[in-house]
Amino acid sequence: MKQSFAELITYSPVFSALTEHGRLSHRSLCQHTGQSPEAVAQALCGLLEQNLVLYYAGSERANDALYEANWENAYNLTIRAGTLRKLITDRFGKLVGEVFGEVLVTGLARVGDIIQRLTNEPNKHDSPQKGSVNGDTLAEDMQAETLSGEKVEAAIYKLLGSGILLPCQIRQFWPRYDLNQEAETTVKLSSFPSGCSTKREKDACAKETGVLLRKWRDESLNFVKGAGVTIEHNDRKHGMQDVEANVSSKRRKTANGVNGTEVHSDSRLNANLEISVNYEKCNVILRTVQLSRWAARQVGNTTSRVYEAALKVLEAKILRCHDPIAEKKESDPKAPKDHFYNYDDLSPPLTAKEVSALLDKTINLDQGLYRAEVNGINGHSESAATTNGHVMALPERITKIEQHLTVLCTDTRDFVVREAGSDSWRIPLQSLTQKLIQAEVENTITARFGKLAAASTRILNANGVLDVKQIAQLAIVKPDQVQMAVTPILEAGYISAQELPRDNNRTVERSIWAYSYNIVHARQRLIDYTFKTMARLLQRLEHERGRRRTVLEKAARTDVASNEMKYLKPAEREALRRCREIEEFLDRYIIRLDELVATVRDFTPMIPAQNEFDQVRGHKHLNV
């Protein structure tokens with residue numbers, strides 16, 4: 001992993017030129033970086049392998065390739081890599097986390113190379129008693145290495161089945177604009193050779209273009225299904241033992257592997273298969289974590305664990321948080337018209353039996369259902385366990401889970417929705433995501449500007465366009481207090497204001513200032529401030545490391561790493577301890593900001609409003 005990051009540092013001039021100047025060709029990169037064509041080509045190969053650069057040279061490669069930075073993957077690699085690896089490790093185990101970390105850092109990896117690196121990695125740090133002597137390896141180590149190879153392959157298979165890893169295809173290295181243009185050109189040449197002149201032809205062309213884009217995107221998923229790997233197969237309840245048991249121990253081995261790696265001749269996965277991380281699926285897992293934490297703050301710990309299991313059930317049925325190229329569906333005439341959510345945005349149905357299969361058997365489901373003892377968390381009660389050590393029967397367990405789902409359904413935030421006339425439940429994911437985003441915006445405004453500012457934002461979000469007197473009337477405070485509260489959030493850009501004159505003179509004294517709130521603009525402003533804060537923290541982290549660079553370089557030496565007390569002076573140990581404390585504090589802060597970015601940006605699309613003053617939530621407007 002350290003070697004991969006060291007290679008990225010050597011490629012930084014090329015990547016910096018792409019981020020500064022945008023889309024460039026190979027010749028332009030040589031001019032901007034001042035490096036030789038061979039050095040630039042080597043850097044581009046490394047960056048393409050890391051999936052940090054996108055390129056396009058046409059479907060027939062007739063033109064010179066144009067390169068541009070892949071901002072999304074660069075952010076995921078530098079900021080979110082540790083969070084994703086820890087999340088995968090906690091859910092699937094240490095070995096699966098190691099495999100995921102290797103693919104995450106490598107960017108584009110072959111199955112055979114991953115097996116070789118992970119099976120040979122323990123031998124690098126073995127002592128002379130446990131390792132090899134002059135190339136001779138002990139029998140125990142050979143047996144352990146062979147078993148580890150099968151486990152690594154089983155871990156890769158599990159990640160492919162979960163949709164977290166996907167086989168690579170050439171079009172994933174194309175920029176989105178070029179991909180859309182290629183699809184549109186292909187559709188026009190095949191279906192509209194004379195061009196699209198009428199509105200009906202343009203709509204039909206756009207529809208066929210979307211179908212072709214979805215077909216290209218789902219080629220990796222079709223490959224996985226064709227290979228016998230089902231997306232998110234329900235084998236979590238059986239654990240890694242069942243996955244590893246499916247890997248036959250009687251495979252014949254050949255010596256013609258990838259880079260000398262022994263490869264199974266009848267392996268379920270091809271050693272030359274190139275895989276990469278599916279960040280869309282990772283966003284689904286991150287959304288599960290954020291929604292379960294939010295539910296824990298609102299309905300208690302036990303009910304939130306049930307809700308987390310329900311969200312994990314949906315992970316098997318959902319490939320991404322939102323689809324930017326989804327086909328527009330016609331509205332269902334049977335859908336209810338007076339609901340708070342969009343009926344078409346409801347999740348696939350789930351049952352209490354499916355939730356029970358993924359819920360921890362040691363959880364006391366009686367807690368949070370009775371009123372015997374109040375725990376002080378939003379009025380929910382925590383009663384003593386009634387099972388007294390015996391295993392709860394499945395029908396009783398399903399009944400308890402349905403009671404917890406009913407608690408979630410009756411909550412004011414509407415975490416789940418029950419289908420009428422059936423035992424199925426649905427989760428309004430889009431509605432919940434919008435509420436979670438609004439809660440994050442209000443928490444940020446509360447921390448920066450106070451409770452009254454957050455209350456004013458909440459009032460504007462619920463009632464539409466209001467002036468200071470109307471906000472004060474709804475908040476039950478004085479207008480002067482409201483004016484002092486809305487001024488800083490107006491300057492920060494979280495709300496908007498418009499001057500409405502009372503007469504033709506347009507004097508400021510006789511004008512009404514109408515305030516409005518737009519969640520999309522608030523999200524954009526919050527993301528802007530978050531990225532600026534994150535950049536300052538990274539600069540501070542680099543500054544702290546530069547101040548103690550001598551001590552850090554000395555501590556990084558192999559002979560000093562395990563004997564700091566012997567080789568480091570007391571002052572150096574104190575400086576190293578202080579530097580590590582600062583790094584840990586800044587890393588935790590950056591992780592928290594990354595969770596905020598994931599909630600506000602990645603879980604739902606940033607749909608811009610057509611008009612800042614008109615596209616406000618609610619139907620009540622200012623009466624002048």
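This is a predicted model: local features need pLDDT of at least 70, side-chain atom pairs count only at pLDDT 80 or more; totals for chains, interfaces and linings use all residues.

**Overall look**

I started with the contacts: of those in the chain with a separation of 6 or more, 69% are between residues 24 or more positions apart. Going through the secondary structure, I found 25 helices and 16 strands in the chain. I then checked burial, and 43% of the 624 residues count as buried. For the surface, I got about 34,600 Å² of accessible area for the chain, with 50% of that belonging to carbon and sulfur atoms.

**Cores**

Next I went after the nonpolar cores. The largest has 66 residues, and the ones with the most contacts inside it are F100, I114, I156, I275, Y307 and I427. I looked up which element gives the most to this core, and it is helix α13 (residues 279-299), with ten residues. I also found a second, separate core of 25 residues, with A454, A492, I495 and I527 among them.

Leaving out residues up to four places away in sequence, I156 touches V99, V111, I114, I115, L269 and I275. Two of the names there, I114 and I275, I had already noted among the residues with the most contacts inside the largest core.

**Strands β15 and β16**

Is strand β16 largely enclosed or left open by the rest of the structure? I checked residues 511-517 and found six of the seven buried, so β16 is largely enclosed. Its partner in my notes is β15 (residues 495-501), which runs antiparallel to β16 and is joined to it by seven bridges.

**Salt bridges**

I counted salt bridges and came to 40. The general idea is that side chains of opposite charge can pair when their charged atoms come close.

I wrote down a few. R413 pairs with D411, and their closest N and O atoms are 3.1 Å apart. In this pair R413 is partly exposed, at 26% relative accessible area, whereas D411 is buried at 12%; the cut-off for buried is under 20%.

E419 bridges to R426, with the closest N and O atoms 2.2 Å apart. I have E419 down as partly exposed, at 22% relative accessibility.

R577 bridges to E574, with 2.4 Å between the closest N and O atoms. Both sit in helix α25, three residues apart, which is about one turn of the helix.

**P605**

Last stop was P605, which I found in the segment after α25 (570-602). Its relative accessibility is 30%, so I logged P605 as partly exposed. Which residues is P605 in contact with, leaving aside neighbours within four places in sequence? I got H322 and R523. I also checked P605 against D323: they are 282 residues apart along the chain, yet their C-alpha atoms are separated by 8.5 Å.

How values were computed. Residues are numbered from 1 along each chain as its sequence is written. Side-chain values use heavy atoms; hydrogens and water are left out. Buried means under 20% relative accessible area, exposed over 50%, partly exposed in between (1.4 Å probe, protein chains only). Helices (H or I, at least four residues) and strands (E, at least two) are DSSP runs, numbered from the N terminus. Two strands pair if DSSP finds at least two bridges between them. Contact means heavy atoms within 4.5 Å. A salt bridge is a side-chain nitrogen of Lys or Arg within 4 Å of a carboxyl oxygen of Asp or Glu. A nonpolar core is a set of buried Ala, Val, Leu, Ile, Met, Phe, Trp, Tyr and Cys residues joined through side-chain atoms within 4.5 Å. Accessible areas come from the Shrake-Rupley method with a 1.4 Å probe; for residues, only the protein chains shown count as cover.
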